Each structure stands twice: as C-alpha cells, then as structure tokens.
Amino acid sequence: MEGVILKNKVKQKKLDYSQEHKKFLARHKHKKIFILSCQIGILVIFLGLWEILAHFNLINTLILSSPSRILTTIGALYESGELFYHIGITLFETLLGFIISTVVGCLIAILLWWSDTLRKILDPYIVVLNSLPKIALGPVIIIWVGAGMQSIVVICILITIIITIISMLNAFRECDKDKILLMQSMGANKFQILTKLILPATLPEFVSVLKISIGMSWVGSIIGEYLVSSAGLGYLIVYGSQVFRLDLVMASTLILCILASIMYLLVALLEKYVNKKRS
Amino acid sequence: MEHLLEIKNVSLNYHTLKDETKAIEDISLNVDDKEFVSIVGPSGCGKTTLLSIIAGIIKPSSGSVTLNGKPTFETKNKIGYMFQRDHLFEWRTVLQNVKLGLEITHNKDPENKEYLESLLKKYGLYDFKDKYPNHLSGGMRQRVALIRTLVLRPELLLLDEPFGALDYQTRKMVIQDVSSIIDKEQKTSILVTHDLGEAASLSDRIIVLSKRPSVVKAEFKSNLRKIPLIEDRKRTDEYQEIVDKIWKELS
C-alpha cells in the first residue's frame, strides 16, 4: 500500500520536473551518448584502418593478419566443429579451477579466521606462496599430476586460490569488533558468530574477490594450456604461433577476449545485485 | 539485603608484551532491582572495561561479579548490551535484526515472538518491520537496537554511551525515548557516559570513578527520575546541584 503511494509520487514528480532539471538530465544523456560513440568510434577506426592497410598490402598480413581473415578463421573453425570443442575445454578448465579455488579458498580462510594460532603458524608460508610466481611450479605439477587437463586445473587453482584466501581472511578479520562483542553478550558461540555475522557481513567483499579470481582463473587455464595441452584456446594460440598461422592466434585471442568479458560482466552483475539489496 | 547485581573487589590488569597496566584497582558496587545507575569518570578510566566485566565477556584479574547470586560469565544472555553505535546488521530487516538474540539462544517459543511483536508495536516500529536499517533514521535505529536487547528479557541493561554517536537533536529525542522505554519495561540499567548532564538527569545514582587505576571516588543520589520529561528534570535546582558536585569530583 505504502509502496504504491510512493511509486505514484515518484511518477508524479517526474512529470513536473523544473526546466532546469530537464536541462540537467538532457546534458547528462548527451554526455553518455558522446562517450559511447567515442568508444565505438575508436574500435571502428582501428579495425577499419587495419582492414584497409591489409587490403592494399601496406602491412604484412602473414604477421599482422586482418579483421576479415580473423572472421574467416573463426567461421572455418565453426564449420569444422572445432570452435565449440576448444571453447568448451578451456571454459571447463577455467570454471572448474575457479569454483574449486573459491570454495576451498574460502574454507581455508574460515579455518585461519577460526584459529588465530593456526593463522600465525601458516602466515610465512602464505606470504611466500603469494609472492612466488606460481607458474614456476608448472613443470613440477605436470610431472606430479600428469600431463593433461588435470595439470591445467591444478595450475589454475594454484594461481587463483592464494588471492582468495588472503582477501577473504582480511575481510573476515576486519569485521567490526563491537558487533562480535554484541553477539557474545547474547551468548553466541564462535560458529554462530561465523554464520550470522562474519559470512553475511563479508558478502560484498566475497563478490569483489570473485571478480579478481575469475580473471586469475583465465590466466591459469591459458598458461596451463601453453605448458601442456592438446586442445583449448590456449592450445590453439600456441599451435598457431608454432606453425606461423597468425590468423588462428588472433582468432583464438579474440574469442578468449569475448568469453572473459562475458564472465566478468556476469560477476559484475552479481555484484550490482548484491549491493543493491544491501542499500 | 540482597542486591540484583553485586560487584565485589573487582580489579583488572592489562597485559601487553611491553607492559602491565592496572586498569581497575578495586571496585565494589551494588545495583538493586529496577535501579538506574550511571558511571562517569575521566576518559580512559576503564568504564567500558568495567561494563565488559559486568557482562561476563572479560574475566577480572580478581574479585567477582554476580547477578542474582550467580557469576555473570555463566549467565551471559541475562544481560543486554547497548553500544555507542547501534550495530544493526544491514543485511537483515528490522524484524530479523530484533530476532537475532532469539536465534542465537535457539528460542523458538511462540510467546517470545508475540512479545517481540508487541514491543515493535508499542514503540512504533511495527510498520517498519520489513525495512532494512538503512531506511531508518538514527533515532529509530537506536530504538531497534534497544528492542533487540529487550527481546531477550535481560535482567540488567548495560548502556555504553548509547547516545554518543548521535547529532544533538536526535540525541535529545533518543535519550527521552530510551529512558521512557526503560522506565516502562522496568529494567535495571547501568549507563556509562562522559556527559555529566546525561548521568545526572537519567539516573537514581551516579558513580564517579577516579582515573586509572580506577576506584569508586564518589557516589550521588538523585530523585529526578520521578519527573517524566528529561527537559523538566534539567530545569530543577537538584539537577544543577548534582552536576556541580560531579564536576567538582572530576576536576
């Protein structure tokens, strides 16, 4: 009831905005359109210039390829049925690595929050693991878990999980001490403090960690495929460069670009939803 | 005579790696049922620490605190705690916030749910029960926080500068609000504050603590609680007298 009245009020307000406010809104809209057209313009000019230079043989298409050749390559990949096969494999590795490192990473963060002593004991190890370029462990991992998809997923987890642990642990530890005191005064035990306070309070941080870790997972799976693979987008890139088919390299990179953006966008949408619910 | 709360020879030492500090030297204090006691003292004299000891969250180095004859660290949820900030959980609605204590104590008694709803109704929050704290004013938020503690039917309320974070106008309103709710629900309360006027106008008894290591330096009684409006209390001579006396003790 109250909500309906409120909505009507808002509607009514929109109708009798002052001239000044309407001008303000129009200015805002114009600026938005200008920015969007510049963004599209840059892309169109870049691609157009690239295509024209390639068309008149002003650049070496063997090395630099061209937009039309990239599209033709993607078309050919699609025709042969390889396109979704390679996309599927990389996507699977990335998502598996992302999910495992998020779940396990959060569990470890909870464990370290729970026991201060354990956190202090493991602290130097985490610092070292964080600063180590995880990719250096690649060859060892391949030998240990075997050459194949399992290695790629492990590399992916290794790259992603540390950042999840560190970020989530920090978020947990920054939770308001007085809120914990309040729960204690009501007789809450540690598990209740965790489930009723710490976890819901750090949901926004969790979602922003997802944003970082999904990107890290892509890095992990592609680098993993560079090291050891027989399929996937990373494989296509390495293979293409080895046989000097730059069309294939560029095409795979473009697909990768689109996929990563879509995934990032999904997480960003989730973040927007969570933040909207909070305010 | 039996007192509701008995604090006997409590002392507390702080331990850090560098040093050991005596925060509370020796405090003995009794609070009777339905009494409103204020504790004032210079800043850093360990007022908040004393409240945490009373609440049973910190164990004193020596001495004992008993509520109805039982040590308070065994009977935690008999004591309600109110803080400077309301600490409502933003992800919970007003109703869910108020229910927090019942959830923690696993109390699913329908009678408690009724009590909770009656409190919300009585203090004008029932229409806002499905709203999130962000949509409430500072005064309403503090009222929700008070109801959240009242739901657990505490035998003792601890108020740790609950008005400190509010702006002047809201503060005046919330003090009146909280004080009349406490009167109506007949709760025994201990208020920690650095505002002498607040202490003098709200309580039956004012305890003045010395600076660290703190002891009870003086104690004043007040009859102002009989007057319903706090504004009126502040216009009496007795009010001025008490404030002057506390001020002298502190300076």
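Predicted model: local features only at pLDDT ≥ 70, side-chain atom pairs only at ≥ 80, totals over all residues.
In strand E9 of chain B, B:Arg205 is the bridge partner of B:Val37. Residues are numbered from 1 along each chain as its sequence is written, and chains are lettered from A and ligands numbered from 1 in the order in which they are written.

Strands here are DSSP runs of E with at least two residues, and helices are runs of H or I with at least four, numbered from the N terminus. E9(B) covers residues 205–209 and is mostly covered, with 5 of its 5 residues buried. A residue is called buried if 20 or more other C-beta atoms lie within 10 Å of its own, exposed if 12 or fewer do, and partly exposed in between, with C-beta atoms placed from the backbone. On one side of the strand sit B:Arg205, B:Ile207 and B:Leu209, on the other B:Ile206 and B:Val208, and both faces are covered.

Let us look at the neighbours of this strand. E9(B) pairs with strand E3 (residues 36–40) of chain B in the parallel sense, over 4 bridges. Two strands count as paired if DSSP finds at least two bridges between them. With strand E10 (residues 214–221) of chain B, E9(B) runs antiparallel, joined by 5 bridges; B:Val208 has B:Ala218 as its bridge partner there.

Stepping back, we find 10 strands of chain B in an open sheet with mixed pairing, in the order E5-E4-E1-E2-E10-E9-E3-E8-E7-E6. Strand E5 (70–71) and E6 of chain B stand at the edges with a single partner strand each, so one side of each has no neighbour in the sheet. Helix H1 of chain B packs on this sheet, touching strands that include E3 and E9 of chain B, and its direction makes about 155 degrees with that of E7(B).

Now for the meeting of the two chains. Here 18 residues of chain B are in contact with 16 residues of chain A, contact meaning that their C-beta atoms, placed from the backbone, lie within 7 Å. H2(B) gives the largest share of chain B's side, 4 residues. That side divides into 9 nonpolar, 5 polar and 4 charged residues; Ala, Val, Leu, Ile, Met, Phe, Trp, Tyr, Cys and Pro count as nonpolar, Asp, Glu, Lys and Arg as charged, and the others, Gly among them, as polar. In chain A, helix H9 (residues 177–185) has buried residues including A:Leu181 and A:Met183, and what covers the buried residues of H9(A) includes H10 of chain A together with H1, E6 and H2 of chain B.

Finally, consider two helix pairs in chain A. H4(A) (residues 67–79) and H13(A) (residues 246–278) pack at about 80 degrees with axes 9 Å apart; axes are lines fitted to C-alpha atoms, for helices over the stretch in contact, and angles run from 0 to 180 degrees between N-to-C directions. The pair is therefore roughly perpendicular. Angles of 65 to 115 degrees get that name, those under 35 count as roughly parallel, those over 145 as roughly antiparallel, and the rest as oblique. H11(A) and H12(A), packed at about 45 degrees with axes 7 Å apart, are therefore oblique to each other.

How values were computed: Contact = placed C-beta atoms within 7 Å.
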